[in-house]
Amino acid sequence: LGGEFMKPEEYRYLIDDPVEFVNNTILPRACPGLGKPGSSKWNASIITMGLTYQKMLNFMKRLYTEELVKSGNIGFPFTAAHTPADMISDFMRHPTGAMLDMRRRPDDFKAACEALVKPILKFATAVPPTPPITLALIALHLNEMLPPKLYNEFYWPYLKRIIETLVSKGYKGFVIFEGDHSPHVDTLLELPKGWGIGWFERPKDFIKIWEKLKGHTIVMGGVPTTLLSGGTPQQIDEYVKNLLNKIKPEGGFIIAPSVMELPRNTPIANIRAFINAVEKYGRY
């Protein structure tokens with residue numbers, strides 16, 4: 001369950017030893033069912049979680065590197081990373097608390113973000129890069145909620161460092177820019193050309209995003225979920241045709257719904273119309 005699991009005055013403990021603080025303070029508060037740290041119940045739960053996670057990783061590796069290739073598809077192994085500000089917001093201070101801390105405790109917030117970079121990278125690189133491509137998935141949450149001043153001061157420097165470090169180690173970034181990332185899109189040009197994929201959920205003008213980033217970043221998205229769930233097959237066909245006619249000649253684009261999940265009541269006919277339209281207008 002979400003919530004506020006860290007008090008403002010506890011930043012110093014997070015800064016001193018983030019792994020120890022999360023393990024012994026945040027987890028027991030957020031997941032009381034684990035029991036007391038160090039107890040037999042706690043140890044058994046952590047061991048079970050680790051074994052389950054390893055089983056999942058083994059399955060995903062086999063799926064992406066063997067099974068998909070056998071069936072003629074291309075699959076890429078994944079690892080995962082986070083933005084430090086999102087870790088504080090999502091799992092410790094709640095978004096409201098995090099944004100208040102940026103103004104009331106700016107030095108503490110920055111020091112905590114700095115302290116979290118190392119364990120985030122250690123976690124992400126636990127899955128080694130596998131040729132030809134291993135994607136590092138990072139989903140952004142606070143990005144849409146922050147004005148450029150706060151984004152550039154408290155959010156982007158640490159996200160940028162994490163992406164650049166992973167790229168230097170042989171990964172490609174796969175960042176989900178949730179909400180409307182338009183106010184911050186220019187900062188992506190600070191990353192090395194070809195760093196990875198940006199999946200944009202709800203930009204005000206998707207074509208403008210693509211125009212800014214073409215030749216530098218692979219841009220993903222472009223098809224509103226509302227169109228797939230509430231439009232007609234004819235509207236979907238026409239939309240995909242117009243979108244691809246603008247973007248396809250230059251490439252560097254992955255057409256996709258704006259988010260991973262579609263509403264439960266999305267007509268199957270609309271999903272077929274989307275796939276068929278991409279097949280029809282997306283071929284070179």
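## Cysteines

Cys113 is buried, at a relative accessible area of 0%. The model is predicted. Cys31 is partly exposed, and its relative accessible area is 33%. The two fall into separate classes because buried means under 20% and exposed means over 50%, with partly exposed in between.

A search of the whole structure for disulfides finds zero.

## Largest pocket

The largest pocket has a volume of about 1400 Å³. It is lined by 38 residues. Met49, Tyr53, Ala80, His82 and Phe123 are the closest of these to the pocket centre.

Several elements give two or more residues to this lining: helices H2 (18-30), H3 (40-70), H4 (84-104) and H5 (106-124), along with strand S1 (78-80). H3 makes the largest contribution, with eleven residues. By class, the lining of the largest pocket holds 29 nonpolar residues, seven polar and two charged.

## Second largest pocket

Two strands, S4 (196-200) and S6 (253-257), each supply at least two lining residues here. The largest share comes from S6, which gives three residues.

Definitions and conventions
Residues numbered from 1 in each chain as written. Predicted model: local features only at pLDDT ≥ 70, side-chain atom pairs only at ≥ 80, totals over all residues. Heavy atoms only, no water. Disulfide = S-S within 2.5 Å. Buried < 20%, exposed > 50% of the residue type's maximum accessible area, 1.4 Å probe, protein only. 1 Å grid on protein atoms, 1.4 Å probe; cavity = no way out; pocket = protein on both sides within 12 Å on 5 of 7 lines; lining within 4 Å. Points joined across faces, edges and corners; volume = space filled by probe spheres on them. Helix = DSSP H or I, 4+ residues; strand = E, 2+ residues; numbered from the N terminus. Nonpolar A, V, L, I, M, F, W, Y, C, P; charged D, E, K, R; others polar.
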